[in-house]
Amino acid sequence: MRVLGVDPGLTRCGVGVVEGVPGRPCTLVAYTVVRTDPDDELPHRLLLLDRALTELVAEHRPESVAVERVFSQHNVRTVMGTAQASGIAVLAGARAGLPVQTYTPSEVKAAITGSGVADKAQMTAMVTRLLRLAEPPKPADAADALALAICHVWRGGTRSKLAAAADRVRRGGAR
């Protein structure tokens, strides 16, 4: 399974692509950070982010998209930008006809490190180790996006299969 992970952000949006199957190490395909200028108008920034994510989906042809779920922060301005970027990422996957799954930061941390409260350094170290990279992916937004993609391969693939099986049962296909 090939997954495009997105760590949404309006100024820096991490994107990571991995391939793998549940229970096995994943393989790095690519990672990048899409940047927009904070001095630009919001509609222009969102448009740039949309175009970049659409191009990355077309280029890497993932089978699904994993996006970090926005959680409440004290800084409303920051959470609004993150939520808007998240919406653009979900839209890019949906527009391509791909399944899109969201994960909380603690779900991703638990999947990658075994602890839902791991810090950024622990996450980056584990992503580096799990993907067998010579050096850590930089910046941290890229490492976070790769962690989301790995999390989806390991957890989302199983989730998707269970949901599809349950749907077949509901429709009377398999019992």
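Is Asp141 buried or exposed? Asp141 counts as buried, because its relative accessibility is 12% and buried means under 20% relative accessible area, with exposed meaning over 50% and partly exposed lying in between (1.4 Å probe, protein chains only). Before we walk on, a word about the model: it is predicted, so local features need pLDDT of at least 70 and side-chain atom pairs count only at pLDDT 80 or more, while totals for chains, interfaces and linings use all residues. Residues are numbered from 1 along each chain as its sequence is written, and side-chain values use heavy atoms, with hydrogens and water left out.

Let's stay with Asp141 for a moment. You can find Asp141 in helix α5, which covers residues 140-170. Helices (H or I, at least four residues) and strands (E, at least two) are DSSP runs, numbered from the N terminus. Setting aside residues up to four places away in sequence, Asp141 touches Asp7, Arg12, Gly14 and Val33; contact here means heavy atoms within 4.5 Å. With Arg12 there is also a polar contact of 2.8 Å between the two side chains. A polar contact is a pair of N or O atoms within 3.5 Å; within protein, one must be able to donate a hydrogen and the other to accept it, and residues adjacent in sequence count only if both atoms are side-chain atoms.

UniProt positions are given in the numbering used here, feature names are shortened, and annotations may be inferred rather than shown by experiment.

Next, look at Glu68, where UniProt also places the feature "binding site" (unreviewed entry). Glu68 lies in strand β4, residues 64-68, and is buried, with a relative accessible area of 16%. Leaving aside neighbours within four places in sequence, Glu68 is in contact with Val6, Asp7, Pro8, Ser86, Tyr103, Pro105 and Leu148.

Another buried residue is Thr36, with a relative accessible area of 6%. Thr36 sits in the loop between β3 (27-35) and α1 (42-60). A polar atom of the Thr36 side chain lies 2.3 Å from the backbone oxygen of Leu10. Not counting residues up to four places away in sequence, Thr36 touches Leu10, Thr11, Arg45 and Leu48.

Our last stop returns to helix α5, where Ala140 lies. Ala140 is partly exposed, with a relative accessible area of 31%. Although Ala140 and Thr124 are 16 residues apart in sequence, they are 7.1 Å apart in space, C-alpha to C-alpha.
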